[in-house]
Amino acid sequence: MEKIEHKMVAVNGLNMHLAELGEGPTILFIHGFPELWYSWRHQMVYLAERGYRAVAPDLRGYGDTTGAPLNDPSKFSILHLVGDVVALLEAIAPNEEKVFVVAHDWGALIAWHLCLFRPDKVKALVNLSVHFSKRNPKMNVVEGLKAIYGEDHYISRFQVPGEIEAEFAPIGAKSVLKKILTYRDPAPFYFPKGKGLEAIPDAPVALSSWLSEEELDYYANKFEQTGFTGAVNYYRALPINWELTAPWTGAQVKVPTKFIVGEFDLVYHIPGAKEYIHNGGFKKDVPLLEEVVVLEGAAHFVSQERPHEISKHIYDFIQKF
């Protein structure tokens, strides 16, 4: 890890922090919620050792990246997020027409939209956890999930500015992150009002084998500094995203793609997800989908839970191009 270089780059009105290792074709790693560049620490080392340049930023509102207006969730729309990525690529890889993209969770959502908006930028895509989701012209995602799961579902509870932050504050970043990062239940995530994290089963007393106390502290220290508003604003911008992406209703992702999901990932257990992924719907919307991998026994945070396996899956796929 000590070989990883850190730098700040002016990107789309932000001062973006990124971690970098290796030389060769660029692989852009895009993290999810509630994570950081650090989520890709294992993959960066593995791919750099095999002749690639691994680059992982802290996204808008996260970690050491500064400049995002936290009091305005509309500045966290998918167009802003993809705009950040495009500007970052212009800054760090001006001589590469296309790069490899590897992404997880919210990062996967950004990557799907990067491929919709700017397929000319992406050589091949490896997305983890969050499958492509077609825009529903009749209902935005927040309303759709509320209809399935009710008001206590975490995405519904994240909508009101300041509310969930106020509930997290007395608990502390470390306890919040420990609950979320070690969550292994395929059931949906609920934060009932007034109960906060108590409604979520406790993480094992000993942390999961893949997340040491020291690693948890790295996340906790960063979130203690930044708070959770930037991260949660991504969810608050979902209704805006639905409005802004109307022109791409029915559009396909036309980039060579590999998709990996854990058997116990809560996203994989959303009603209709498995049928969509395995019964032809996914392939119809992502015609260059080459492979779907379901990791037996794995949960949501697969890049950290199964670092070597994920690294090898990435390498095996991208070396074809």
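Me: Before we start, what should I know about the numbering and the confidence limits?
Reply: Residues count from 1 along each chain as its sequence is written, and side-chain values use heavy atoms, with hydrogens and water left out. As the model is predicted, local features need pLDDT of at least 70 and side-chain atom pairs count only at pLDDT 80 or more, while totals for chains, interfaces and linings use all residues.

Me: How do I read the sheet, and what is its strand order?
Reply: In general, strands of a sheet pair through backbone hydrogen bonds, either parallel or antiparallel. Here, strands (E, at least two residues) and helices (H or I, at least four) are DSSP runs numbered from the N terminus, and two strands pair if DSSP finds at least two bridges between them. This is an open sheet of eight strands with mixed pairing, in the order β1-β2-β4-β3-β5-β6-β7-β8. β1 (5-11) and β8 (289-295) are at the edges with a single partner strand each, so one side of each has no neighbour in the sheet. Ignoring direction, neighbouring strands are turned by 20° against each other on average; axes are lines fitted to C-alpha atoms, for helices over the stretch in contact, and angles run from 0 to 180 degrees between N-to-C directions.

Me: Which way do β1 and β2 run?
Reply: β1 and β2 are antiparallel, joined by seven bridges, with A10 opposite N15 in β2. Their hairpin has two residues between the strands, and N12 takes a positive phi near 50° there.

Me: And in which sense do β5 and β6 pair?
Reply: Parallel: β5 (residues 99-104) and β6 (residues 122-128) share six bridges.

Me: Now helices. Where does α1 pack?
Reply: α1 packs on the sheet, touching β2 (14-21), β3 (26-30) and β4 (53-57), where contact means heavy atoms within 4.5 Å. The direction of α1 makes about 50° with that of β2.

Me: How do I describe α1 against α14?
Reply: Two packed helices are described by the angle between their axes and the distance between the axes. For α1 (residues 41-48) and α14 (residues 307-318), the axes come within 9 Å and cross at roughly 45°. On the α1 side, the contact is made by H42, Q43, Y46 and L47, and α14 contributes residues including I310, I314 and Y315.

Me: At what angle do α2 and α3 cross?
Reply: The axes of α2 (residues 78-92) and α3 (residues 106-117) cross at roughly 80° and come within 9 Å. That makes α2 roughly perpendicular to α3. Among the residues that meet are L81 and V85 in α2, and W106 and F117 in α3. By class, this contact has 11 nonpolar, one polar and no charged residues (Ala, Val, Leu, Ile, Met, Phe, Trp, Tyr, Cys and Pro count as nonpolar, Asp, Glu, Lys and Arg as charged, and the others, Gly among them, as polar).

Me: What about α7 and α8, and which classes meet there?
Reply: The axes of α7 (residues 173-181) and α8 (residues 213-226) come within 9 Å and cross at roughly 125°; the two helices are therefore oblique to each other. Residues in the contact include K174 and L177 of α7, plus D217 and F223 of α8. By class, the contact has seven nonpolar, no polar and five charged residues.

Terms used:
Angles under 35 degrees count as roughly parallel, over 145 as roughly antiparallel, 65 to 115 as roughly perpendicular and the rest as oblique.
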